[in-house]
Every structure is written in C-alpha cells, then in structure tokens.
Amino acid sequence: MEHYTMNLTLKVWRQKNKKTAGKLESYKVENISSEMSFLEMFDVLNEQLIIEGKEPIAFDHDCREGICGMCSMYINGQAHGPWQQNTTCQLHMRAFKDGDTIVVEPWRSAAFPVVKDLVVDRSSFDRIIQAGGYISVNTGNAVDANAIPIDKKNADDAFMAAACIGCGACVATCKNGSAMLFVGAKVSQLALLPQGGPERESRVLNMVAQMDVEGFGNCTNTYACEAECPKGISVANIARLNSEYLKAGLSTEEN
Amino acid sequence: MALNANIPPGEMDKKWNDYKGHVKLVNPANKRKLEVIVVGTGLAGASAAAALGELGYKVKAFCFQDSPRRAHSIAAQGGINAAKNYQNDGDSVFRLFYDTVKGGDYRAREGNVHRLAEVSTSIIDQCVAQGVPFAREYGGLLSNRSFGGTQVQRTFYAAGQTGQQLLLGAYSALERQVALGNVTMYARHEMLDVVKIDGKARGIIARDLISGNLEKHFGHAVLLCSGGYGNVFYLSTNAMGSNVTAAWKAHKKGAFFGNPCFTQIHPTCIPVSGDHQSKLTLMSESLRNDGRIWVPKQKGDQRNPKDIPEDERDYYLERRYPAFGNLVPRDVASRAAKERCDEGYGVGTTKMAVYLDYKDAIIRYGKIEAGKTGLKNLDDEAIIKLGKEVVQEKYGNLFEMYEKITGENPYEIPMRIYPAVHYTMGGLWVDYELQTTVPGLYALGEANFSDHGANRLGASALMQGLADGYFVIPYTLGNYLAEEIRTTTISTDHEAFLQTEKEVNARLTKLISIKGTQTVESFHKRLGKIMWDKCGMARNEKGLKEAIHEIQQLKLEFWNNVKIPGEINEFNTELDKAGRVADFIELGELMCIDALNRKESCGGHFREESQTEDGEAKRDDENFSYVAAWENNEEGWTLHKEDLHFEIVKPTQRSYK
Amino acid sequence: MGITGLFLILFLIVHAGINACIFLNDNGKTFNDVAHFMSHNWIMRFLEIGLFSGLILHIIQGLKLWSQNNKARPIEYHYNQPSKNSKWYSRSMGILGTLLLLFLIIHLSNFYVGTKVALYSGDQYHNLFEEMKEDFSNYWIVLIYVIGVSALYWHLYHGFQSAFQTFGINHKRYTPILKFIGITYATVICILFALMPISMFFKWIV
C-alpha cells in the first residue's frame, strides 16, 4: 500500500448546544497521513484548535473499531462517509486525496436532536427498545440452552439482524428519517427465534408505536438505509417487521 | 489491616451452594425500599442492574456513553466459556476451574474461580433465553469451539461478535427493567466520587456530561462495574473512553487496589502505524488456531514476505514451544514476539511486527474441501480458491477488518501483528462477596481483581462479567442489604454529600483554571510511553524505578501546565478526558510500585530478573504467592497481603514446551 | 399506500386493455363499444366509485406521508449525496405522483368529462375514438401524454415491488420474480399508453 500525506479543507458543523442555531465552519489540516483513521484526523484538528485557544469540535466516538455504534458523522453527503459497510471510525484517510474539501455534519433527524457540534442525542433508540426490544425472562428462569433446537438458518438470520450497532446511520440516510431498519432488525431477531414467540404481537405493536411517538418518518422503500448500514443489515428485516406488524395488527384484541 | 476474603468453609465444590443456602435474604417489601447504584453498563453492570431490578431493588445505573449499549464489552470478539460439556469431550466444572487457576499462573483465588466455573453453565442458559443468537450446528444445537489453547471445546460464540451479542442481551434485559420502572438510567453521566457515611458507601457524585452539572445520588450500596484500566498505556485495545476514574476514586476513598501491575498484553493486534495512532485493534485470538506466526531468519530482511522461502522463515513459536506451538497462552506468545522484534527480526515499516500467515491453512483447508467434494486432479490455484472460501467463512469479518485498517489483503499477504494491551487482571480488591474494603462498595467484572490471577484465559472475561452480574451479586448483595433495611434513604443534603461534592467541584475548578500550554492528549501519550517502555511486556527494577520518578514528574507538570479549553458547566470532552488522565497518572505510579514489589515473573508480569536459563518466566511461590492489595493514604501506599492457599490445584511451573 | 397502489395497478390493466382495442384498426368500433359498455353498465359505474375512492385515498396517504416525513428532518443536510445509496425514482415517488395527478386532471378533463357530459346529455353514442383522434393531432397534447406516461412508468417501476415489501413480502427466491413482473408490467402498460397518442399523432391509426 502506497502511503502519502495530504492537506485538506474541512467544513464542519458547529453548534453550541441544543437551543442555538449552528453553521458550517472551515478549517485547514496539513500533513495528514493516508494511514490515519478519519477520527485520528479529527484528533489532529482538535489538538490544533486547542493550541490555538479555540474550542475543539465535539464528536461521539468510543471503541474506534466499528462495533460500539457511537461514532456518527455525515461525511461528504454520506452517513459514515464514502466506504460501504463501514463506520466513521473505520474510515481511513486513504479514501481522500490531497486538496480535498470534506463536509462533515451531524446526523439530521427530529428524533436525534443535536447536543453539540457533531454530537446527537439518540436516546430515542433506547426508548424504542424499552417499548419491547427484549424477551421477558428473569435471571435464573432459563431452561437448558440446548433444550430448544433452533433451525440454523433462522439462528443465522437472527444473528445477522442482531448485528445492528444502533448507530442511527439508517435514520440519518433515509430521506424520510425513518427508523424502520433499526426497529426491523430487532423485531426480526426476536421473531426468528422461538424464545421471542410469546411476546411477538405486543412487541412489534409497541415498538412501532414508540417509533412514531419519537418522530421518525415513514419507510418508502428507497433502501438507502441498507446501502449505508455499516453492518449491512438487510431490508428483508423491514419486510419482516411489516409482516409481523400486519399480522399482529389484525389479530390483536386490544385497541 | 488483616484482609479477610470471607471464603465460605467446606469443600471447594460445595462452598457456593452452602453459601447460597445460608445467605441472608431481603423480603420483597423491603427490597422496594433499598436503593442500589450501579456504575458502568457493560456486561457486569448491565447484568447486575437488570438482575437487581428484577429482584425488586430500586436501581440507578450510570454510564458515560450516550447509551448503555455502547460499553466496551461490546468489542469482545472470540467467545464465552462455559463448562457445559455439550461436546462430550471431557469438560467439567472442575476442568474449567482447574484451567482458569493454572492459566492465571496461580495468582487467583480458588474459591472465586470455582464459583465462576459453577455458574458458567447458567450464563449460557440465561443468554439463550434472552434471544442471544449464538452459533448453531445444523441440528439446531449450540456450536462450540476451542479457544485460547484449551484442550476441550467449551467456547460459545456468535461469529466474531460474541461480546456484542451478549451485551445487547444484557442491555435488553436492562432496558426492560427501565421500562418497568425498576431501573433509572443515567446515560452521559460520569461518576466522580464515592460518598461515604459512617465508613459505608452511601452514594456517588456524578457529573452530567451534557450540562456539566454535578449531581448527588444516594444508594444503600454502590456497585462499580466500570471495567479495566488498559488505557493507562494510552495505546490499547480499550475504547477511547474506558477509564479508571470510578475505581480510582473508590481506591482513594479506602478501597484497596489488588495486583495493579497484572496487565494482559494480547499477542494478535494490528501494529502501530505511526505517531497519530489513537488506539489499537485486536484481531481475535482464534486466528492463532489456523495461522502460523513467523519472522524472517535474517535480521532486517526487506523482502516481500511472499518472496521469503520456507527455509528462511523462523516459526519461532513452533520452534520454542513444540507442544503448543502457535497456541501458547497469551502472555507467552506476546513475550516471544517482543523478543524477536527486540532482537531485530521484526517486520513492517516500524519493525515492530511479526507475520501471521494463512498460506498453509488455506492450502490445508483447500485440500480438505477438494477431498470432501471428491474433486481430483485440482491444480494449486483451484485448491487455494477452495481454501480461501473456508477461511473466509471462519474468519471473514476479521480479515475484512484487517484490510480496512491496513489496506492490505490478508488472503494474499501475511498479516502483520504485534502485542497490545488488552485487559487488566488487577483491579479493586474484593472478597468472596465482591465487596471491596469499603462496606457497601462492590466491584464487579474487569473492575475487580479476583478471578484471573496473573493472566486471563481467552473467552473468560465475558464469563466473569456476566457471572458477577447475573448470578453472584444478586445473592451476595442481599447478604449486606439484609442488615440495611432499617437505614432509610439518606438525604443528599447530608453533610457528607455536600462535602464530597465540594471536593469534586474544587478539583474540576482547579483543572480548568490551570490554563497551561500542553494538551491533555499529550500528557496521556507521554504517560503511555513511560508505562509501555518500563511497565509493559517486560519489567526490571531499574526501569520501574525510573518510571516511578518520571510519572511523579509528569504528575507535577500536568497539574501545572495542562491546557483545558471551555467551561465546567457545559459539554466539555477535554475536561472529561483531563480528569481521567489525571487518575491514570496516579494509577501508573501505583502499577510501577506494584511491579517493583513483585520480584517474581508470573503470568502477564515478566520481571527480567526472574527468568529461567532459556528465557522463560520464573514464578516464586515461596515469596509471592499472595495478592498485593494496596491501601492509599497520606504518604502514598501501604501494601497488604492476602496469602493464597491452593487446596485443590497445586502450583506447578507452567510449561508449554 | 401499498393496498391502494396495487388496487390502482389492477385498474390500469383494464384501462390499458380497453385502450389496446384501438390497435385493432377498425376505425375505433370495438373501442367505442367497450367504452360505451364501461360508461353505461351499472356494475362498472359502481366500481368507478371504488376506483375514485382508491385514488383519493392513495393521494391522501401520500400527502400524509409527505407531511410526516418532512417533519422527521426539520434541518436538511447542507451537502447530501443520496444518489450514492438509492435510485432517484424511489426517492421521487411524491414528485412523480404529483406529476401524475396533474396529468390525470388534464386527462380527465380531456376525455372523462366529455364522456360524462355525453352520458347525461343523452347522447346515445359518444364517439370517444374520434375525440381522441382530434386531440392527439395536437403535438403538445401528445407531449403532455408522453411525459405523464413516463412519470407513470417510474412511479410503477418503484411502486409495484415496493408494495410487496410493505406487505412484508421479501423473499430470496420470490422477490426477484416479483420485481421482474413489476418491471415488465410497468413497461408493457406504459408502452401501450404511450403508443396511443403517438400512433394517432403519426396517423398510424385512422
């Protein structure tokens, strides 16, 4: 792999807090190595800002290995930047070239209000899980793990759905700001497993209801979410959510 | 102070059952009145908060991330051990217990480890019931693999994302309790001190990281589930936010710190690429099951690895340890890589890396596949193609990750790996009940020191976190709280709360008002370098003494010259980081003091003065068969020893030759 | 959205089928007969009410989606590259639908209103075919129709398979078949619709 260095112009969204309006500001960074990760480039910029006596840019990040789901930047018009099936923290600077201008914005969604700069509040996702994204089994109640054989295909599909990292790129990308992929992934995971059976109906109805309360938009099947999902969660999970929802909606006796 | 581990009497395999049979209970009506604070929401914290919520306690859970689901347990790749013996290969609770004590190089406490092995089976049951999608066989039953060089297949896994799936399981159980009103969740909150009243832990001071405001929270007991402190080395496989602050504050409030120098350096990580590096990425240990590790026989060999012929390669693990080969335990593998690189045989631009090669595995699998399908007369290319498919199925996500980070295709070019700090066996000293030396203050998971001795075996961290949270603390905490039912909720206007809040506030004010010239990050980097060079994979007296001096200097400089922008009462990530780095600096000193005190080599702690003639670690059971528990005081630290007694597993020198 | 959409899709088959009668080249005889039947048979009249309800419901649902989805992102991105992750027509169902609605208004005022006037004024044999020939000799009317039909094409191209996804049908084996049917359907229907004004304009049909 050829390594090179580059000078870049960054246009970054700056916003003091939830209440104030924000705007894009320009910064220059120099001598950025192609081996750096995108967030390491941000580290360099922030160090530079601190030395200059300016306020560093706030951004969410934690594991920096693509699994915690905390990093969340809209880079050059794409959630998590130009690479496919990739998180911001795993994006490396070899994706860019000398002289590039990079625009970085926070996730934009009514359900993800900006906290500061590039940091958004994704607690709406937690509340959706609280509405039913679990199996009600108290500790100690479980039968032997091998008591219920599970079809390997279903187990594998459930795993693929469960791989969701809850980053919110699906919402950020969707032109409607819909959270159907996130909700679909959780509903699918639990609908594919026999353990999820007893709460199947209430789960899907409650989670969808909570999703609407939070102000997420509706799915119009553009499938942009799947294309930008860092974990490649399939829109087949949205179809499964739809079918679970229809079935539950038709059969439920509650209003 | 005499340290009493409170191990229940009786035979090893009956202790836990006896304990559970006799432990004091809290009746349901009283549980509703008792408040428990849980700091951290990783495997230990989330499972503890959920399990205690289910029991009916009023739980408050805190995490510094934006959601409990982000905790770094999520990054664990390989798997979780359990003595299920589903494979009929001779596994048992005893074997898991034995392997863990031996793997920990006889520096773990037998009673705790046996309990861990006992409850391991219930963890798998619980997780499956929660909907954790473990890997399965075609018959629909759970699949196991061998991990970290054990001779039985006892590791349950979900591709290379086991930690994620287990954490999301615990997270969903936690969110269920939040929905039921049993747990109140405080995300983006960081614990900054423990509040003690009459010698007992009674609450915490937490900072709301969004508003920057300090909050006082009361609890009848406080559980620290705040993970390990690997980030003291600056570069580690830990998450950027992983820190020692909660544990350190507890330490300063009287909780002893156990075996701080026991650090696990994981042998298979992606090497450092330059000064800009902010963290290191682990490549699952499972890669060593099939990959072969080597360096060129010739020093400073610049050739492309593909051009280096077989007889000019040094498969040094296979050469030094013929019995275990590439599957030697983590500490041994890491030191061997360091030895080769220090001798000048390292590869890559920085020369601090060795090759992990899949060429042979690809050919071997290719031939097996060809045999299966009955295809004969396949040319090499076709066999390699088949082999690559198998390797992709087994390790695809790891190979992809490697390629994303390095830009190199590991199917074609051998991966470059180097050891990196990964886990800390040391932590707050706890007794059998997971209680620290401060009554009412508990430590669970990686935050305590108890189960892994001087070296942790693969797939055991997840097991310990969930064991502590789901199956241990619900019993042991009850034993304490049963005596607390008469303690009514203490107002947070109590003198102790006000005083502690004032201290926390003073420290924050001090930090922000230094207005020096050096960034927090630069101090952290310098600390990391001292620690890695002098308290890393190999330690010696001279280096450790230098390190202690350098760290003391660094501490002085930090408190005089750190530059933190912004204000206290706002979202200020630099201020958050500064507090953590300040604690890391103090911890670093203690780690070096502990390493200096422990003149033997054991597990992850290798003292150069204590090695055999052929360069292997030499343990000294006569003088060091104890847990070093450090008490913080005015003068610094005082050592207390908890002697280790091995009733069942008699210490022998580990040999992997 | 999906249910009403599929309902309207069914209607289009009937519509295109009747229109195809002009290609019999019998001077519009068959076509006029069928058109007469459609406008006079009471079952058809009854179904017509259903059709309009379906259409209106489809529009109302669309408007509701549009307003909810607009609220879901109050601040737009300054720089966005949606083309990197989705097809333009899938993102443009609202615009395509609006175009279609405008077209429909023109279309209905051209022919539907005329037919109805004829019906209620007691004209026993309204020669719709002649009326079409007259209108479609006008190049700009033909142009409007071609544009309208193109909008319909892309609307159907996305809408057909999208409806099944909304019903929860996404199957490794069947979804590709459904998609193929949808594309074939959209292509055939739209070619039929477009051919009518074009062939009349170029006097392929007399």
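**Exercise 1. Describe the sheet of chain A, starting from the bridge partner of Arg14(A) in S2(A).**

Solution. Step 1: Lys23(A), in S2(A), is the bridge partner of Arg14(A). This is a predicted model, in which local features need pLDDT of at least 70, side-chain atom pairs count only at pLDDT 80 or more, and totals for chains, interfaces and linings use all residues. Residues are numbered from 1 along each chain as its sequence is written, while chains are lettered from A and ligands numbered from 1 in the order in which they are written.

Step 1: Strand S1 (residues 5-14) of chain A and S2(A) run antiparallel and are joined by 9 bridges. Strands here are DSSP runs (E, at least two residues), as helices are (H or I, at least four), numbered from the N terminus.

Step 2: The open sheet of chain A has 5 strands in the order S2-S1-S5-S3-S4, with mixed pairing; two strands pair if DSSP finds at least two bridges between them. Strand S2 (23-33) and strand S4 (78-79) of chain A are the edge strands, each pairing on one side only.

Step 3: Helix H1 (residues 38-51) of chain A packs on this sheet, where S1 and S2 of chain A are touched, and its direction makes about 105° with that of S2(A). Axes are lines fitted to C-alpha atoms, for helices over the stretch in contact, and angles run from 0 to 180 degrees between N-to-C directions.

**Exercise 2. State which element gives the most to the side of chain A that touches chain B, and give the classes of the residues on that side.**

Solution. Step 1: Chain A and chain B each bring 64 residues to their contact; residues are in contact if their C-beta atoms, placed from the backbone, lie within 7 Å.

Step 1: H1(A) gives the most to the side of chain A, with 7 residues.

Step 2: This side of chain A divides into 30 nonpolar, 18 polar and 16 charged residues. Ala, Val, Leu, Ile, Met, Phe, Trp, Tyr, Cys and Pro count as nonpolar, Asp, Glu, Lys and Arg as charged, and the others, Gly among them, as polar.

**Exercise 3. Describe the contact between chain C and chain A.**

Solution. Step 1: Chain C supplies 28 residues and chain A 33 residues.

Step 1: On the side of chain C, H3(C) gives the most, with 4 residues.

Step 2: By class, that side of chain C has 10 nonpolar, 13 polar and 5 charged residues.

**Exercise 4. Identify contacts of Val38(B).**

Solution. Step 1: Leaving aside neighbours within four places in sequence, Val38(B) is in contact with residues including Val59(B), Phe62(B) and Leu223(B).

Methods:
Contact = placed C-beta atoms within 7 Å.
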